[in-house]
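Reader: Hi! I'm new to reading structures, so please walk me through this one.

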Amino acid sequence: MKICELENHYNEEVTISGFVDSIRNLQWVQFIVLRDETGKVQITIEKSEEKNKSLVSLVDELTVESTLKVTGIIMEAPKVKMGGKELIPSNIEVTSKNMGELPFNYKDTTTVNLDTRLDYRYIDLRSEKNLLMFQIQSEMVRHMRDYLYERGFTEIHTPKLIGAASESGSEVFEVKYFDQKAYLAQSPQFYKQMALASGFGKVFEVAPCFRAENSNTSRHATEFTSFDVEFAYIDSFQDVMDLEAEMLTYSFKKLSEKYGNRVKEVFEQEIVVPKGKFPQMRLADIYQELEERYDYKIDDSEKNDLTTEAERLCYKLAQDKFDSEFLFVVDFPAEKRAFYHMRDENGILQGYDLIWRGVEITTGAEREHRYEEIVKNAKEKGLGEDVAFYLDFFKHGCPPHGGFAIGIDRLTMLLLGIPSVKETQFLFRGPTRIHP
């Protein structure tokens, strides 16, 4: 039984298990606070009762952070601050013993170096805040999944060991694969599109992606979890933007209903549920407004993409101009985008970036599905044999389609106001970190 279920079983015998959160060994009574992933409960042992003699001796030797299995009667106790209940034990079993002092106090990490916390991640993750963070992350992904399932999407699982670089050859991890070379997938992009060429219609995947980028920033990682979506028979990339906006709104609404108060209390953040469609602006118009409103000026040569500072200012712009936390940015030149993104007759990318709280969380687009055009685009990018297998997908018919990808770790970071994705990943992987 979980601790959160105890209040439904007052005056009954129950058995619970968990970690010893704290011990108070007083003259006449002993208190143990036991915690599991759902909460905490006080266990009370009266020393004067003969039947408790063995329990008292056990607690005398007990260490904090050991694990217990406890059987007893759960009682209402209005004076107990911890949920107004206490467990009167008849039996306590020590299932594992903490053998020594913890490397740091995970309940107060204000003075603990982040690298130390990551070195001992199995201790760091014991904090209520971290546990809540991953519960929220899990719930967020569940609702995004539910949204897609309700609309007929199929969840697929694509290979992460691949025979060619999935987007370009410069940012991949090469691995030895028997007597040949293989690579860790940068994304499932090619295989998502293969699924549509196979007639699947609507697909998504939640899986790891790998980027061999030597980026030591607060929002980059060499391995991260990506939520990828691709679907067919679209009329334009506007359909892709609409679906993403609806999916995020659906998930945030559900999250707010369940965790809104806890997020305010623990993370001092508000889950803002979007209202209506997300606003969108052309890239050129954004730079013009950033200059006019906030005196942000850069050289024209840099205006073919969003700079980090421009992304940050887009949050303020979205709020000031549209009363929104989100902003779709469109009309990017194709030169810096993947060859499989569709372009119009003027070479303008048929895609977008989605900026939320000053950070890019998505690049999405209508894909090029016409064989002759995608072969031409690949040649322009200098891509040949590496993508030959991918180009074959389009030889025998492929419907118009588009899609996007969201980094779950980055989304969690922004949702909860966490300083870095190093903290929102279960185990962070970066250029200098491969352990534990």
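**A chat about the chain**

Reader: Let me pick a spot. Which residues does Gln350 touch, not counting residues up to four places away in sequence?
Author: Gln350 touches Phe237, Met342, Arg343, Asp344, Ala365 and Glu366, once residues up to four places away in sequence are set aside. Contact here means heavy atoms within 4.5 Å.

Reader: What should I know about the model itself?
Author: This is a predicted model, where local features need pLDDT of at least 70 and side-chain atom pairs count only at pLDDT 80 or more, while totals for chains, interfaces and linings use all residues. Residues are numbered from 1 along each chain as its sequence is written, and side-chain values use heavy atoms, with hydrogens and water left out.

Reader: Okay, back to Gln350. Where is the place of Gln350?
Author: Gln350 is in the loop between strand E13 (326-330) and strand E14 (351-356). Helices (H or I, at least four residues) and strands (E, at least two) are DSSP runs, numbered from the N terminus.

Reader: Which backbone oxygen lies 3.2 Å from a polar atom of its side chain?
Author: For Gln350, that is the backbone oxygen of Ile348.

Reader: New topic! How many helices and strands are there in the protein chain?
Author: The protein chain has 12 helices and 16 strands. Its C-alpha trace spans about 90 × 60 × 40 Å along the principal axes, and 50% of its 436 residues count as buried.

Reader: And what about contacts along the sequence?
Author: Take contacts between residues at least 6 apart in sequence: 65% of them join residues at least 24 apart.

Reader: Which strands run in the closed barrel?
Author: The closed barrel has 5 strands, in the order E1-E2-E3-E5-E4, with mixed pairing. From one strand to the next, the twist averages 50°. For such angles, axes are lines fitted to C-alpha atoms (for helices, over the stretch in contact), and angles run from 0 to 180 degrees between N-to-C directions.

Reader: What does pairing mean?
Author: Two strands pair if DSSP finds at least two bridges between them. Strands of a sheet pair through backbone hydrogen bonds, either parallel or antiparallel.

Reader: How many bridges join strand E1 to strand E2?
Author: Strand E1 (residues 13-25) and strand E2 (residues 29-36) run antiparallel and are joined by 6 bridges. They form a hairpin with 3 residues between them. Asn25 has Gln30 in E2 as its bridge partner, and Ser22 stands opposite Val33 in E2.

Reader: What happens on the E3 side?
Author: E2 pairs with E3 in the antiparallel sense over 8 bridges, and this hairpin has 2 residues between the strands. Here Val33 stands opposite Gln42 in E3.

Reader: Which way do the residues of E2 point?
Author: Val29, Phe31, Val33 and Arg35 point one way from E2, and Gln30, Ile32, Leu34 and Asp36 point the other way. E2 is mostly covered, with 8 of its 8 residues buried.

Reader: Which helix lies across E1 and E2?
Author: Helix H1 (residues 53-60) lies across E1, E2, strand E3 (39-46) and strand E5 (85-96), and runs at about 60° to E5.

Reader: Let's jump ahead. How many residues of helix H11 are buried?
Author: In helix H11 (residues 408-416), 9 of the 9 residues are buried, so it is largely enclosed by the rest of the structure. The buried residues include Ile408, Asp409 and Arg410. Just after H11, Gly417 takes a positive phi of about 70°.

Reader: Last one: how many disulfides does the count come to?
Author: The count comes to 0 disulfides, a disulfide being a pair of cysteine sulfur atoms within 2.5 Å. Cys4 counts as partly exposed at 43% relative accessibility, whereas Cys398 is buried with a relative accessible area of 11%.

Terms used
Polar contact = N/O pair within 3.5 Å; in protein donor to acceptor, adjacent residues only side chain to side chain. Buried < 20%, exposed > 50% of the residue type's maximum accessible area, 1.4 Å probe, protein only.
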